[in-house]
Amino acid sequence: MELLIFYPLALVSVILALFVVFNKSPIGSAVCLIGMMLGLAGVFILLQAHFLAILQIIVYAGAIMVLFMFVIMLLNLKDDDTKWKIRERNIFLSSATGVLILGILYKIIDVTTDTKFDSPATVPDNFGTVEVVGTTLFTDFVLPFEVASILLLAAMVGAVVLAKSKVD
Amino acid sequence: MVPLTHYLIFSAVLFSIGVLGVLIRRNAIVVFMCVEIMLNAVNVSLIAFDRYLNQHDGQIFSFMVMCVAAAEVSVGLAIVIALFRNKATVNLDEINLMKW
């Protein structure tokens with residue numbers, strides 16, 4: 001049953017991610033990215049991470065993608081990406097990256113064929129709910145949480161300063 | 001039940017697509033979107049490990065990843081706007097002021 005939900009979601013997410021890369025217009029890429037994030041929210045729900053699934057929809061598919069759309073429409077970008085292809089100078093770099101990613105994939109498969117990861121742990125009913133994750137966030141991880149708020153404040157100030165006036 | 005390996009392979013495939021996009025696209029905004037794909041792929045593997053090890057630390061970490069992604073996108077798009085004011089392009093190959 002879980003397989004029947006996981007594979008369509010994963011397939012749709014991967015195809016939409018490919019469309020993000022190979023779409024001609026930036027606005028089409030943004031729409032495909034929203035679809036991919038909704039698919040990933042479905043995967044999170046399948047993994048019983050309800051709080052993160054809600055955050056994925058609100059923060060990513062909502063706030064961040066609206067920001068992308070806003071900037072694309074503000075800059076009035078045409079399809080000026082017509083001549084894109086692999087940069088000749090970067091062929092070595094690209095091959096090295098591909099080899100690295102293949103190595104990572106191999107290592108992941110190697111590690112996780114361990115029997116320990118074959119089936120999920122039996123989790124309590126309230127696993128991944130807002131209550132449990134929030135309790136962990138405000139007790140064990142309260143310092144990182146506060147640092148994250150300072151980071152967001154700094155990013156806000158930085159964005160305002162950068163976009164405010166002309167750069168000399 | 002889905003084995004953990006499938007989630008990890010799914011995450012690795014998404015990450016590779018993101019890297020591919022960063023390497024072959026020249027539009028700065030599309031490159032940002034591909035960075036978002038990579039961050040999301042990492043979130044998938046964090047949450048999958050969480051579920052299979054019955055812990056909450058990975059979800060907290062992926063929450064922090066979302067915070068950093070929001071900060072990164074706001075600052076990055078502000079930089080793109082500032083660059084567009086200066087050079088009237090978002091083509092990354094033409095923005096080589098600091099290259100050498």
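Start by selecting B:Asn54, which is exposed because 12 other C-beta atoms lie within 10 Å (a residue is exposed at 12 or fewer other C-beta atoms within 10 Å of its own, buried at 20 or more and partly exposed in between, with C-beta atoms placed from the backbone). B:Asn54 sits in the loop between α2 and α3 of chain B (helices are DSSP runs of H or I with at least four residues, strands are runs of E with at least two, and both are numbered from the N terminus). Check its backbone: B:Asn54 is not a glycine, yet has a positive phi of about 55°. Most residues other than glycine have a negative phi.

Before moving on, note that this is a predicted model, in which local features need pLDDT of at least 70 and side-chain atom pairs count only at pLDDT 80 or more, while totals for chains, interfaces and linings use all residues. Residues are numbered from 1 along each chain as its sequence is written, and chains are lettered from A and ligands numbered from 1 in the order in which they are written.

Next, pick B:Ala88, in the segment after α3 of chain B. B:Ala88 also has a positive phi of about 55° without being a glycine. Buried or exposed, B:Ala88? B:Ala88 counts as exposed because it has 9 C-beta neighbours inside 10 Å.

**Two helices of chain B**

Select α1 (4-24) and α2 (28-53) of chain B. Their axes come within 8 Å and cross at roughly 165° (axes are lines fitted to C-alpha atoms, for helices over the stretch in contact, and angles run from 0 to 180 degrees between N-to-C directions). So α1(B) and α2(B) are roughly antiparallel to each other (angles over 145 degrees count as roughly antiparallel, under 35 as roughly parallel, 65 to 115 as roughly perpendicular and the rest as oblique). The crossing is left-handed, a label used if the near helix is turned anticlockwise from the far one by less than a right angle.

Now show side chains at the contact (C-beta atoms, placed from the backbone, within 7 Å). The α1(B) side includes B:Leu4, B:Tyr7 and B:Phe15, and the α2(B) side includes B:Val30, B:Cys34 and B:Tyr52. By class, this contact has 19 nonpolar, 5 polar and no charged residues (Ala, Val, Leu, Ile, Met, Phe, Trp, Tyr, Cys and Pro are nonpolar, Asp, Glu, Lys and Arg charged, and the others, Gly among them, polar).

**Over to chain A**

Switch to chain A, which has 6 helices and 0 strands. Of its 168 residues, 24% count as buried. Among contacts in chain A with a separation of 6 or more, 55% come from residues 24 or more positions apart.

How many residues of chain A are in contact with chain B? There are 70, and they meet 62 residues of chain B. The elements giving two or more residues to this side of chain A are α1, α2, α3, α4, α5 and α6. The side of chain A that touches chain B divides into 53 nonpolar, 12 polar and 5 charged residues.

**Across the interface**

Select α3 (residues 50-75) of chain A and keep α2(B) on screen: their axes come within 12 Å and cross at roughly 175°. That makes α3(A) roughly antiparallel to α2(B). A:Leu52, A:Phe68, A:Val71 and A:Ile72 meet B:Ile29, B:Met33 and B:Ile47 here. The classes are 7 nonpolar, no polar and no charged residues.

Then go to α6(A) and α3(B), whose axes are 8 Å apart and pack at an angle of about 10°. That makes this pair roughly parallel. Zoom in on B:Cys67 in α3 of chain B, which is partly exposed, with 19 other C-beta atoms within 10 Å. Not counting residues up to four places away in sequence, B:Cys67 touches A:Ala148, A:Leu151 and A:Leu152. The whole α6(A)–α3(B) contact has 19 nonpolar, 2 polar and no charged residues.

**Last stop: the core**

The largest nonpolar core has 61 residues (a nonpolar core is a set of buried Ala, Val, Leu, Ile, Met, Phe, Trp, Tyr and Cys residues joined through C-beta atoms within 7 Å). Which element gives the most to this core? It is α2(B), with 14 residues. Members that touch the most others are A:Val20, A:Phe44, B:Ile29, B:Met33, B:Val44 and B:Ala48. Finish on A:Phe44: leaving aside neighbours within four places in sequence, A:Phe44 is in contact with A:Ala49, A:Leu52, A:Ala53, A:Gln56 and B:Ile47.

Methods:
Contact = placed C-beta atoms within 7 Å.
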